Amino acid sequence: MSRTATWTILGSGGGEAAPDRASSGHLLETPETSILFDCGDGVTGSFLRSGKRYEEVDTIIVSHTHPDHICGLSFFLQQLYLARRLRELAVYLPAEAVAGVRSALALQYLFVERFGFPVRFIGLKDNQSIPCNGASIIPHLNTHLTAHRGQPWAAGVENTGESYSFEMVYRTLRFAYSGDIGSLDDLEFCAGCRSLFVESTHIRLPELYARAESWRIRRLVLLHICPGFDTGGEVTGGFSGEVLPAEDGLVVPLDR
Ligand SMILES: [Zn+2]
């Protein structure tokens, strides 16, 4: 476990596969806890390459149920089972998806109630803090899936378009993870955050840089990078902070 708070990029890619990037996955580590945000394809391999240990993960938080954020979850859970984990694991995900994800795991012959460790699936709630050892994590509902709201998942079951961004506080540090968003308006809560880990697919970078300056962000880490992505190079639109394009394995100390 880390001595300071760090954010490790396990998957810097997005919905379009890239040979050198896993899809979305990030590990927040503090001396007290270890939290995996999103678990897309390739995240487990990246987790192992980063020298992480399954036992140390206390909590998994899934921002929304697009495949590039959740399709590695069942495989990751399978690894915890095979590693003979004993400690309870909390898995937070959109409340609308809890029952469906449990069914999908059972379809894969992963019967979590028979695991040697308790798995608690908990629905995320807008603005309701997630209990974590020493860190505060607040989900903020965003508009990434709003356009798909109300489409039927199955007979009589409509989705509600749940997708979240996250505001976090650890000691004096305040930072945020965007997940996938619908527009930069979703991230207004980031004002005053030191670091913003932000997806780069559903936004325009010049607008991001201008907004980040007005929010007094000091460091932008660009995530969710699809093939052919152009970071904009030196064009940072007046943003006076640091811009860091993510790579798999990158460790970002949160206190600097
Ligand atoms: Zn995505």
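## Close-ups of a predicted model

View 1. Asn 127 sits in the loop that links E6 and E7. This is a predicted model, and in it Asn 127 has a positive phi of about 65 degrees, even though it is not a glycine. That's worth a look, since most residues other than glycine have a negative phi. Is Asn 127 buried or exposed? Asn 127 is exposed, because 10 other C-beta atoms lie within 10 Å and the cut-off for exposed is 12 or fewer.

View 2. Arg 171 has 12 C-beta neighbours inside 10 Å and so counts as exposed. Look for Met 168, which stands opposite Phe 175 in E12.

**View 3. The sheet that holds E11 and E12.** Here 7 strands line up as an open sheet with mixed pairing, in the order E7-E8-E11-E12-E13-E14-E15. Which strands stand at the edges? They are E7 (130–131) and E15 (242–245); each has a single partner strand, so one side of each is left without a neighbour in the sheet.

**View 4. Strand E13 and its two partners.** On one side, E12 (residues 173–177) pairs with E13 in the parallel sense over 3 bridges. Phe 175 is the residue opposite Ser 195 in E13. E13 also pairs with E14 (residues 219–223), again in the parallel sense, over 5 bridges. There, Ser 195 has Arg 219 of E14 as its bridge partner. To get from E13 to E14 the chain goes through helix H5 (residues 205–214), and this β-α-β crossover is right-handed.

View 5. How many residues of strand E13 (residues 195–199) are buried? The count is 5 of the 5, so the strand is largely enclosed by the rest of the structure. Ser 195, Phe 197 and Glu 199 point one way from E13, while Leu 196 and Val 198 point the other way, and all are buried. Take Leu 196 as an example: leaving out residues up to four places away in sequence, it touches Phe 175, Ala 176, Cys 190, Ala 212, Ile 217 and Leu 220.

**View 6. The largest nonpolar core.** In soluble globular proteins, nonpolar side chains tend to be buried together. The largest nonpolar core in this model has 58 residues. Which of them touch the most other members? Those are Ile 60, Val 62, Ala 176, Leu 196 and Phe 197.

**View 7. Helix H5 against the strands.** The buried residues of H5 are Leu 205, Leu 208, Tyr 209, Arg 211 and Ala 212. Where do they pack? They pack against E13 and E14. Just past the end of H5, Arg 216 takes a positive phi of about 65 degrees.

**View 8. The open sheet that runs from E6 to E16.** In this open sheet, 7 strands follow the order E6-E5-E4-E3-E2-E1-E16, and the pairing is mixed. E6 (119–124) and E16 (251–253) are the edge strands; each has a single partner strand, so one side of each is left without a neighbour in the sheet. On average, neighbouring strands here are turned by 20 degrees against each other, ignoring direction. Helix H4 (residues 98–107) packs on this sheet and touches E5 (89–94) and E6; the helix direction makes about 145 degrees with that of E6. Elsewhere in the sheet, E2 (residues 25–29) and E3 (residues 34–37) run antiparallel and are joined by 4 bridges. Leu 27 has Leu 36 in E3 as its bridge partner.

**View 9. A buried serine in a loop.** Ser 23 lies in the loop between E1 (6–11) and E2. Ser 23 has 28 C-beta neighbours inside 10 Å and so counts as buried. What does Ser 23 touch, not counting residues up to four places away in sequence? The contacts are Gly 11, Gly 13, Gly 14, Gly 40, Asp 41, Gly 42 and Asp 68.

Methods: Residues are numbered from 1 along each chain as its sequence is written. This is a predicted model: local features need pLDDT of at least 70, side-chain atom pairs count only at pLDDT 80 or more; totals for chains, interfaces and linings use all residues. A nonpolar core is a set of buried Ala, Val, Leu, Ile, Met, Phe, Trp, Tyr and Cys residues joined through C-beta atoms within 7 Å. A residue is buried if 20 or more other C-beta atoms lie within 10 Å of its own, exposed if 12 or fewer, and partly exposed in between; C-beta atoms are placed from the backbone. Two residues are in contact if their C-beta atoms, placed from the backbone, lie within 7 Å. Helices (H or I, at least four residues) and strands (E, at least two) are DSSP runs, numbered from the N terminus. Two strands pair if DSSP finds at least two bridges between them. A crossover is right-handed if, with the strands pointing away from the viewer, the path from the first strand over the helix to the second runs clockwise. Axes are lines fitted to C-alpha atoms, for helices over the stretch in contact, and angles run from 0 to 180 degrees between N-to-C directions.
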